[in-house]
Amino acid sequence: MKKTIFVLAVLGIIAWLGFRMTQKPAEAPTTTNQITTPTVDNNKIPSQVETTNITIKNFAFSPVEVKIKPGAKVVWTNQDNAPHRIEIATGEKSSSLSQGDNFESVFNKAGEYVYICGIHPSMKGKIIVTDK
Ligand SMILES: [Cu+2]
């Protein structure tokens, strides 16, 4: 009888220690992950995401048509004194871009995306997203 109680007590201590040990490391990696993961991701993003730049100058997009791979990013930069606003056929819109402002969008799905300037609808451009 005494032996049983002793065994139960030992098992109880082991269980308690085990619980403490599983709890403590669980907290520590969470903290380290929060610190290390964004750093790693930040280092990966510039090398992994292809970026294509489009200039807005003299009321025109240049180049007017670009071909990119799925997952690539397009960055529009307004070099005009006049404000421009990107409106993509997907419904995505930029705010009014002043001179020097830029707008970026990532295109994940293959297809052709026509966009215009919401302020000057005669300004048109096209993004072709293709794996080929
Ligand atoms: Cu415009």
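Among contacts in the protein chain between residues at least 6 apart in sequence, what percentage join residues at least 24 apart? In this predicted model, the share of such contacts that join residues at least 24 apart is 44%. The protein chain has 132 residues, of which 12% count as buried, and its secondary structure comes to one helix and eight strands.

**Overall layout**
- Followed along the sequence, the protein chain shows the pattern α-β-β-β-β-β-β-β-β.

**The four-stranded sheet**
- Four strands form an open sheet in the order E3-E8-E7-E5, and the pairing within this sheet is mixed.
- At the edges of this sheet are strand E3 (65–68) and strand E5 (86–88), each of which pairs on one side only.
- On average, and with direction ignored, neighbouring strands of this sheet are turned by 25° against each other.
- Strand E5 is joined by three bridges to strand E7 (residues 111–117), and the two run antiparallel.
- Glu-87 has Ile-116, in E7, as its bridge partner.

**Phe-107 and its surroundings**
- Phe-107 belongs to strand E6, which covers residues 102–107.
- Phe-107 counts as buried because it has 22 C-beta neighbours inside 10 Å, where the cut-off for a buried residue is 20 or more.
- When residues up to four places away in sequence are not counted, Phe-107 touches Ile-68, Pro-70, Ala-72, Val-74, Tyr-113, Ile-127 and Val-129.
- Although Phe-107 and Gly-71 are 36 residues apart in sequence, their C-alpha atoms are 5.3 Å apart in space.

How values were computed. Residues numbered from 1 in each chain as written. Predicted model: local features only at pLDDT ≥ 70, side-chain atom pairs only at ≥ 80, totals over all residues. Pairing = 2+ DSSP bridges. Axes fitted to C-alpha atoms, helices over the stretch in contact; angles between N-to-C directions. Contact = placed C-beta atoms within 7 Å.
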